[in-house]
Amino acid sequence: MYLPPVAQLSLRTNSAQPDPLQWLRHNTIIDMETVSEQQQQTLRETRPKAAFIALVRNSEVDEMVYSISQLEARFNSRQTHQYDWVFFNDEEFSQEFMVAVQNATSSQCHFEIIPEEHWSVPAWIDTTRFDVGRQFMGSIGVGKAWLQSYHHMCRWNAGLFAREERLASYDFFWRVEPGVDFSCNINYDVFRFMRDNDMAYGFNMAILDDARSFPSLWDRTRAFIKNNEHMIHEEADYDWLLQDSLQKKGMRGASHPEGPKEKDDIDHSKAEGNDLDHLEYNNCQFYSNFEVGSLEFFRSEEHRAYFEHLDRTGGFYYERFGDAPIHTLSVSLFLPKSRIWYFRDIGYSHGLCEQCPPHQFRLSTDSETQHHDHARALADNARLVEKHRRWEAMSQDVIRQGGIPGLSCGCTVSAIDNVNAKLVPYESKQQKPEHACIRLYLGGRWLEKVPGWDLDVEMAAGRDGSGGYLLDGLESNPFVSRDANIPK
């Protein structure tokens with residue numbers, strides 16, 4: 001019995017509510033040959049209205065084909081899936097691009113040009129201030145902040161994407177970036193999981209962002225909360241995103257005479273008077289380069305109002321407000337935690353950020369490419385060949401507790417918090433929360449340290465203070481006894 005990591009406050013106790021854990025047990029299918037043709041036909045006829053979406057340039061055709069080939073092989077090539085692909089660009093797609101991506105999938109492809117009003121500097125922005133600011137941010141190393149197009153991209157992904165006419169007929173989206181790896185077979189319908197369990201947002205990494213990108217984001221968000229208390233969901237949990245500005249000595253890397261301040265000891269009352277004034281955003285975010293979400297939510301009154309509030313402040317241009325922290329704050333404020341899901345079992349990597357779940361079987365290069373001509377062609381690229389060599393070297397992996405039953409991956413198992421600060425420059429003086437972002441999100445036993453662990457001793461030994469957890473984050477079943485197949 002596999003029990004995925006589920007956050008505190010997110011378990012559903014009402015018997016009338018769908019049970020995602022039970023759903024996974026009943027709907028995970030390792031071998032489609034065990035499913036009758038009649039059952040497959042029923043699954044095809046009841047598919048959710050969903051699509052993969054990609055914001056991509058013509059010049060990224062090889063990287064996009066690689067991502068498509070990965071996701072088709074891992075998930076979408078099943079006859080019961082075959083979900084549409086929708087590609088967005090701020091200019092017309094080339095014939096070469098369209099032919100290449102259509103050859104990489106048997107699903108329907110749509111090619112859309114983003115309207116000018118969704119990809120231009122708004123009229124209320126002082127362009128001189130914008131130009132000076134982006135050059136300054138670029139000079140201090142804020143990633144891609146000097147590029148005007150990057151600011152357009154962040155703004156579009158933060159809110160405008162859900163308003164695109166082509167997406168009006170869909171209920172769910174799965175964001176796919178060019179040049180990413182999906183390293184594990186996905187043995188259930190992710191979109192069906194979202195729909196059947198009333199999920200609105202899914203992620204598979206929670207990490208720190210560079211605070212220099214959005215210095216005023218929390219001030220703007222706090223003002224929105226105070227002015228729109230009625231929009232904050234009564235079961236929202238955004239405590240994990242906040243830290244007490246009066247307790248900074250409790251942050252990692254500094255001593256605290258009374259011991260570290262525990263997350264549950266801080267009263268983060270929701271949007272009442274001045275209760276938020278001494279709280280700050282800890283810069284944790286869901287890594288939105290992988291996200292599965294409800295378009296209904298991102299079109300909702302709450303998200304639209306929040307996005308438009310931030311947009312009018314100019315933060316997408318005077319600073320570099322990113323879609324990841326905005327999506328994170330939005331779903332944490334306007335949704336109950338029970339409608340947010342951590343896809344620990346979906347292996348994914350993009351650049352520096354990678355998460356690889358514990359798995360039972362290892363995928364080889366052959367199984368990676370055998371079904372897709374474009375994947376075979378791309379294997380000739382030196383960069384991709386090197387990745388495949390690394391995958392081939394993984395056969396001696398020791399998978400904790402045997403891995404997730406039936407899961408096959410082509411990556412080395414990583415701890416849930418291994419990429420926590422990858423986006424923050426090593427030399428940054430940015431205060432880091434006491435715990436990694438994903439541990440703060442999960443809460444409960446994920447925050448517990450082994451008896452006798454001492455922060456000062458670990459820091460004196462030259463480590464960063466992030467060790468000593470009872471659960472090291474490599475477990476496939478952290479709450480199941482090794483000797484008995486029952487929860488601890």
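User: Which residue lies over the face of W453, and at what distance from the ring centre?

Analyst: K449 does, at 3.9 Å from the ring centre of W453. A charge sits over a ring if NZ of Lys or CZ of Arg is within 6 Å of the ring centre and within 35 degrees of the ring normal. Likewise, the charged end of R439 sits over the ring of Y469, 3.8 Å from its centre. Keep in mind that this is a predicted model, where local features need pLDDT of at least 70, side-chain atom pairs count only at pLDDT 80 or more, and totals for chains, interfaces and linings use all residues. Residues are numbered from 1 along each chain as its sequence is written, and side-chain values use heavy atoms, with hydrogens and water left out.

User: How many aromatic pairs are there, and why is the pair F203 and F286 stacked?

Analyst: A pair of aromatic rings is described by the distance of the centres and the angle of the planes. Rings of Phe, Tyr and Trp (its six-membered ring) pair if their centres lie within 6.5 Å; planes under 30 degrees apart count as stacked, over 60 as edge-to-face and the rest as tilted. That rule gives 46 aromatic pairs. F203 and F286 are stacked because their ring centres are 4.1 Å apart and their planes lie at 25°.

User: Where in the chain are F203 and F286, and are they buried or exposed?

Analyst: F203 is in strand β6 (residues 201-203) and F286 in strand β10 (residues 284-286), so to speak distant parts of the chain, 83 residues apart. Strands (E, at least two residues) are DSSP runs, numbered from the N terminus. Both F203 and F286 are buried (under 20% relative accessible area, with exposed over 50% and partly exposed in between, for a 1.4 Å probe and protein chains only).

Technical notes. Helices (H or I, at least four residues) and strands (E, at least two) are DSSP runs, numbered from the N terminus.
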